[in-house]
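Subject: Structure for you to look at

Hello,

Here is the structure I promised to pass on. Please open it first, then read my notes below.

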Amino acid sequence: MTKPQDADPTARRKDAHLDLCLRPEVEPEGARTLLDEVHLIHNALPELAEPELDLSARFLGKPLRAPLLILGMTGGTPRGGELNRALAAIAERLGVAFGLGSQRAMLERPSARDTYSVREVAPTVPVLGNIGIAQAIALGPGRVRDLMESIGADGLALHLNAAQEMAQPEGDRDFRGALEAIARLADVLGPKLVVKETGCGISPATCARLVERGVSCVDLSGAGGTSWVSVEILRGGRPGAQPFATWGIPTAAAVLGARRRVGGAPTLIASGGIRDGLQAAKALALGADLVGVALPALRAHEDGGSEGAQASLMAIVDGLRMALLLTGCRTPAQLRDVPRVMGPDLARWLEVL
Ligand SMILES: Cc1cc2nc3c(=O)[nH]c(=O)nc-3n(C[C@H](O)[C@H](O)[C@H](O)COP(=O)(O)O)c2cc1C
């Protein structure tokens with residue numbers, strides 16, 4: 001039965017998340033991406049002119065003007081729908097990819113589909129649907145594909161969020177059967193499937209298990225940016241949650257470790273705490289194909305509307321252009337060969353990963 005929106009706990013939680021993510025506590029002190037421990041070596045003679053730079057990339061079979069993805073955040077409420085349309089329109093203008101938030105609200109209330117319908121404003125760029133692993137297990141691969149297709153998305157981001165669920169009083173507690181379900185979904189969706197974390201990172205070993213089971217694109221979404229444990233603590237998380245606010249694999253370590261482990265073929269997205277173009281360049285240098293941002297787009301939209309959000313994303317692309325030129329790279333792929341200095345904490349993570 002269709003429930004009115006004000007009685008729908010999933011939709012209410014999604015709007016509460018938008019408000020809570022505006023608070024500084026969701027980026028807790030002490031959480032680090034370790035991108036600050038990566039220094040790309042300056043090239044004083046780059047022998048390049050800025051117009052020669054080529055930031056173009058491909059994702060889900062479509063061209064991008066820059067290797068950037070606005071990550072999935074919302075949907076299911078009028079406010080979420082408005083934000084989705086605003087950010088998707090920006091993605092179309094900038095020629096970058098766009099992700100919708102979890103479509104769980106749409107499963108529970110089919111009339112919420114409109115709040116995920118962004119094709120009118122983003123007809124050409126890659127658009128990703130989104131669902132959590134628990135819902136994907138319950139639905140089975142055929143219905144997950146229907147969910148993606150029902151909004152005209154080019155692919156589907158399947159999110160893993162064990163830490164958030166564990167911190168949430170009403171969260172899921174049973175994580176069995178996930179890898180098998182992912183393998184079945186990879187059979188059905190093929191290269192349209194993206195498996196992502198939500199700010200705790202995916203270790204190289206886990207990334208390799210996903211790739212072995214047929215996953216060809218992984219968003220590593222490491223620690224150092226939005227902390228979903230902190231969000232749940234603000235909502236009144238379970239008693240033991242506090243020490244886990246900074247839990248997770250730093251984004252830099254996740255990216256470098258995963259690329260080393262899985263080789264060149266799988267598409268790797270770096271996200272979690274990417275806040276500027278230089279950080280984006282470092283993540284690409286460590287082995288990512290694309291970088292993703294969530295919180296900065298939300299906050300910039302809250303502060304300055306569509307114009308503000310667009311300016312903040314353009315600043316990231318602009319900083320990436322600067323980093324390319326100053327390292328003598330014409331393309332993001334060339335960043336992988338730039339010599340770099342890495343700090344001791346990152347080196348220690350990599351000894352183990
Ligand atoms: C307000 C908000 C809502 C989010 N909702 C979802 C979601 O529905 N599905 C999902 O896969 N990730 C969701 N995320 C996680 C992001 O996609 C991303 O993995 C994480 O926030 C790390 O990136 P960041 O540090 O740039 O925010 C959300 C993030 C934010 C800030």
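**Helix H5**

In H5, the buried residues are Val 144, Leu 147 and Met 148. Buried means that 20 or more other C-beta atoms lie within 10 Å of the residue's own; exposed means 12 or fewer, and partly exposed is in between, with C-beta atoms placed from the backbone. Helices (H or I, at least four residues) and strands (E, at least two) are DSSP runs, numbered from the N terminus. Seen down the axis of H5, the buried residues fall within an arc of 95°, so they line one face of the helix. The arc is that of the directions from the helix axis to the C-beta atoms. An α-helix has 3.6 residues a turn, so residues three or four places apart point the same way.

The face of H5 turned away from the buried side carries the exposed residues Gly 142, Asp 146 and Glu 149. The cover over the buried residues of H5 includes E6, H4, E7 and H7. Just after H5, Gly 152 has a positive phi of about 70°.

**How to read the model**

This is a predicted model: local features need pLDDT of at least 70, side-chain atom pairs count only at pLDDT 80 or more, and totals for chains, interfaces and linings use all residues. Residues are numbered from 1 along each chain as its sequence is written.

**Helix H7**

Helix H7 covers residues 178–189, which is 12 residues. From first C-alpha to last, H7 reaches 16 Å, close to the 16 Å expected at 1.5 Å a residue. The expected span is 1.5 Å times one less than the number of residues. Which residues of H7 are buried? They are Ala 181, Ile 182, Leu 185, Ala 186 and Leu 189. These cover an arc of only 140° around the axis, which puts them on the same side of H7. Glu 180 and Asp 187 are exposed, on the face of H7 turned away from its buried side. Among the elements covering the buried residues of H7 are helix H5 (141–150) and strand E7 (155–159).

**The loop between H3 and E6**

Two residues here are worth a look. Arg 119 sits in the loop between helix H3 (104–108) and strand E6 (127–132). Arg 119 is partly exposed, with 13 other C-beta atoms within 10 Å. Leaving aside neighbours within four places in sequence, Arg 119 is in contact with Val 127 and Gly 152. Contact means that two C-beta atoms, placed from the backbone, lie within 7 Å.

Val 125 is also in the loop between H3 and E6. Is Val 125 buried or exposed? Val 125 is buried, because 25 other C-beta atoms lie within 10 Å. With neighbours within four places left aside, its contacts include Lys 62, Ala 91 and Phe 98.

**The core**

The largest nonpolar core has 112 residues, and Ala 91, Leu 156 and Val 255 touch the most other members. Such a core is a set of buried Ala, Val, Leu, Ile, Met, Phe, Trp, Tyr and Cys residues joined through C-beta atoms within 7 Å. Helix H12 (residues 295–326) gives the most to this core, with 10 residues. Not counting residues up to four places away in sequence, Val 255 touches residues including Leu 220, Leu 268 and Ala 288.

Best wishes
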